[in-house]
Amino acid sequence: MNRLHSIFLWPAFASTLLAGCASADADRFPSLALRDAERMTGQFTPTRPTEPPPPPVVSAVDLASIVENARAIHRNFLSEAPPALRLARSASGRDTINDQRSRALVAMAGLTTLHSQTVLALADLDKLEAEAATSFAATAEIQEAQSQVAALVAEQDETLAQVSGALVP
């Protein structure tokens with residue numbers, strides 16, 4: 001019982017002691033009220049810009065070349081996908097250490113490399129969009145190019161999932 005009294009009485013005792021440390025002298029501390037120097041005064045008149053707006057970050061030619069490069073990589077991907085899928089299917093269910101499985105893994109690595117190159121083209125477009133957006137340039141054409149390349153990447157993702165699924169032992 002003695003211990004319970006000390007647990008409940010200690011906070012009251014401590015607050016009494018701390019209250020004795022407080023002073024009634026409120027003038028010793030600075031006021032938190034707004035000072036005259038902190039008030040906003042005067043007028044703000046915007047000036048007219050003397051420079052023309054910045055040119056577009058990317059030209060239509062650059063966008064077209066990035067998209068065409070992605071399409072060329074995608075065509076290579078599509079030409080290498082059927083043999084890779086056949087190799088993966090022939091290696092499926094076999095021992096993990098065999099020649100067919102090794103060839104299927106190499107073919108899958110080739111597809112993955114082409115996929116990565118297509119994703120890099122999409123990353124270039126993302127970078128161009130960010131640069132255009134931060135300089136207040138038009139982004140509609142860049143977004144259209146992004147959607148075209150993103151569709152290629154999505155198709156490649158599906159193909160890679162098929163090849164990977166066929167490789168499962």
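**View 1. Thr 139 in the loop between helix H3 and helix H4.** In this predicted model, Thr 139 has its place in the loop that lies between helix H3, spanning 99-134, and H4. Thr 139 counts as buried because its relative accessibility is 19%, the cut-off for a buried residue being under 20%. When the neighbours within four places in sequence are left aside, the residues in contact with Thr 139 are Glu 129, Ala 132 and Ala 133.

**View 2. Helix H2 beside helix H4.** Two packed helices are described by the distance between their axes together with the angle between those axes. For helix H2, made up of residues 60-91, and helix H4, made up of residues 140-166, the axes come within 10 Å and cross at roughly 10 degrees. H2 is therefore roughly parallel to H4, since angles under 35 degrees fall in that class. Sorted by class, the residues in the contact of H2 with H4 comprise 17 nonpolar, 5 polar and 4 charged residues.

**View 3. The protein chain as a whole.** The protein chain contains 4 helices and 0 strands, and when it is read along the sequence its pattern is α-α-α-α. Of the 169 residues in the protein chain, 24% are buried, and the accessible surface of the chain comes to about 12500 Å², with 61% of that surface belonging to carbon and sulfur atoms. Among the contacts in the protein chain with a separation of 6 or more, 77% are accounted for by residues 24 or more positions apart.

Notes. Residues are numbered from 1 along each chain as its sequence is written. This is a predicted model: local features need pLDDT of at least 70, side-chain atom pairs count only at pLDDT 80 or more; totals for chains, interfaces and linings use all residues. Side-chain values use heavy atoms; hydrogens and water are left out. Axes are lines fitted to C-alpha atoms, for helices over the stretch in contact, and angles run from 0 to 180 degrees between N-to-C directions. Helices (H or I, at least four residues) and strands (E, at least two) are DSSP runs, numbered from the N terminus. Angles under 35 degrees count as roughly parallel, over 145 as roughly antiparallel, 65 to 115 as roughly perpendicular and the rest as oblique. Ala, Val, Leu, Ile, Met, Phe, Trp, Tyr, Cys and Pro count as nonpolar, Asp, Glu, Lys and Arg as charged, and the others, Gly among them, as polar. Buried means under 20% relative accessible area, exposed over 50%, partly exposed in between (1.4 Å probe, protein chains only). Contact means heavy atoms within 4.5 Å. Accessible areas come from the Shrake-Rupley method with a 1.4 Å probe; for residues, only the protein chains shown count as cover.
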